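Here is a short briefing on one protein model. Look through the sequence and the fold first, then work down the topics.

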Amino acid sequence: MSSSTAAHGSSPLTDAGPLSLAAREPHVPADRLVAEMVPPPRFDSVRFATYIPDPNQPSQTEAVGVLEGFAAGLGGAHATGAGRRGFFGLGRAKAPKTPAGPRGVYLDGGYGVGKTHLLASLWHATPAEPALKAFGTFVELTNLVGALGFQQTVQTLSNHRLLCIDEFELDDPGDTVLVSTLLGRLVEAGVALAATSNTLPGKLGEGRFAAADFLREIQGLSAHFRALRIDGEDYRHRGLPEAPAPFTDEQVTKAAYATPGASLDDFPHLLEHLAKVHPSRYGALTDGLDAVCLTDVRPVPDQSTALRLVVLADRLYDREVPVLASGLPFDRLFSEEMLNGGYRKKYFRAISRLTALARDAKGLVDR
């Protein structure tokens, strides 16, 4: 059975057949894009109490205490009073006022010390309705601006109490300026900010995005941030894990038909389709999927395609969707030139995440 027949035709294994990512063209309303800016499912249950500080790393205990206090301080009215009126909504809106003290925290630390756990815990601990808090990666934030436009994004987020940005990146100067400008507008509106860095996995701290870099690049916003250094050993194993050996086309196709809620796509065809879907919709692209099955995985042909694949890998990882594949192993997706270039952090992250999802998918074979 060929993979193309399996993906688009019928099969003797089942009448229904698997789904296809390449057949989906989701249209996502703006309110859903913002409503989905919450911690990923794998961080639904994390709290400050579930973060276990290393007794040999006092900075971890200190960070928890500072963040708990920061969250508690966000329980009052919106800092500027913007958009708020008198009793029962009557009267004129209060005039904006400058928030006292830092309105942002930046979690500075190496790979695997639990920064995202702490950031998600801050989101959960902040005493505000979920609609008044937003959590997303740097890439998701830039994609939101791309989907809504800058002014609408400012307007949409200005009434939030907290914006958490995970994996802040500096590898694209244009995006850095864009987000820095956006954050400036949100700080003026009284929104509290929290951010973590994007770090390179497996390189023992080489190229680590440090607080000095962050504060320099956000220019006039540095005074609004308190940097919290979080020391510690990587709780994950250092070094990129070796990608598991791919399966055959036949094994992947059989597993796709035997797994309820699985999709089946030819990898090159899927990459072509991703170019037709805005990255802000990649989350919706994976709605309802319990597994992703890919045949004929091969090296990504160019950087634009590679960056789109990174976003898809992030969304699949956030949703813990296993990925079963044939062709090349995931650690051979990107060329040496890509892995040594300006977007290397993104590519190493995608390899690490797809490798983890490939391990999760092993049980789908020979069910």
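What percentage of the 367 residues in the protein is buried? Buried residues make up 52% of them. The model is a predicted one. It holds 14 helices and eight strands. Among contacts with a separation of 6 or more, 85% link residues 24 or more positions apart.

**The five-strand sheet**

- Five strands form an open sheet in the order β2-β3-β4-β1-β5, and the pairing is parallel.
- The edges are β2 and β5 (225-230). Each has a single partner strand, so one side of each lacks a neighbour in the sheet.
- On average, neighbouring strands here are turned by 15° against each other, direction ignored.
- Strand β2 (residues 133-137) pairs with β3 in the parallel sense, over five bridges. In that pairing, F135 has C164 of β3 as its bridge partner.
- On to β4 (residues 192-197): five bridges join this strand to β3, again in parallel. Here F168 stands opposite S197 of β4.
- Strand β1 (residues 104-109) and β5 are paired over six bridges, running parallel. D108 stands opposite R229 in β5.
- How many of the residues of strand β3 (residues 162-168) are buried? The count is seven of seven, and the strand is mostly covered.
- A general point on strands: in a regular strand, side chains alternate between the two faces of the sheet.

**Helices on the five-strand sheet**

- Helix α3 (residues 58-72) lies across β1, β3, β4 and β5. Its direction is at about 150° to β5.
- Helix α4 (residues 115-125) lies across β1, β2, β3, β4 and β5. This helix runs at about 170° to β3.

**The three-strand sheet**

- A sheet of three strands is also open, with the order β6-β7-β8 and parallel pairing.
- Its edge strands are β6 (262-266) and β8 (323-327), and each pairs on one side only.
- The twist from one strand to the next averages 15°.
- Strand β7 (residues 291-297) runs parallel to β6, and five bridges join the two. D266 has T295 in β7 as its bridge partner.
- Helix α9 (residues 249-258) packs on this sheet and touches β6, β7 and β8. The direction of α9 makes about 160° with that of β7.

**Helix pair α5 and α6**

- As background, two packed helices are described by the angle between their axes and the distance between the axes.
- Helix α5 (residues 138-148) and helix α6 (residues 150-157) cross at roughly 115°, and their axes come within 7 Å.
- This crossing of α5 and α6 is right-handed.
- From α5, the contact uses L141, L144, V145 and L148. From α6, F150, Q152, T153, T156 and L157 take part.

**Helix pair α12 and α14**

- Helix α12 (residues 303-318) packs with helix α14 (residues 344-360) at an angle of about 45°, and the axes are 9 Å apart.
- The crossing of α12 and α14 is left-handed.
- On the α12 side, the contact includes Q303, A306, L307, V310 and A313, along with D314, L316, Y317 and D318.
- The contact of α12 with α14 counts eleven nonpolar, one polar and five charged residues.

**E272**

- E272 sits in helix α10 (residues 267-274).
- Is E272 buried or exposed? Its relative accessibility is 54%, and exposed means over 50%, so E272 counts as exposed.
- E272 and T305 are 33 residues apart in sequence. In space, their C-alpha atoms are 8.2 Å apart.

Technical notes. Residues are numbered from 1 along each chain as its sequence is written. This is a predicted model: local features need pLDDT of at least 70, side-chain atom pairs count only at pLDDT 80 or more; totals for chains, interfaces and linings use all residues. Side-chain values use heavy atoms; hydrogens and water are left out. Two strands pair if DSSP finds at least two bridges between them. Helices (H or I, at least four residues) and strands (E, at least two) are DSSP runs, numbered from the N terminus. Axes are lines fitted to C-alpha atoms, for helices over the stretch in contact, and angles run from 0 to 180 degrees between N-to-C directions. Contact means heavy atoms within 4.5 Å. Buried means under 20% relative accessible area, exposed over 50%, partly exposed in between (1.4 Å probe, protein chains only). A crossing is left-handed if the near helix is turned anticlockwise from the far one by less than a right angle, and right-handed if clockwise. Ala, Val, Leu, Ile, Met, Phe, Trp, Tyr, Cys and Pro count as nonpolar, Asp, Glu, Lys and Arg as charged, and the others, Gly among them, as polar.
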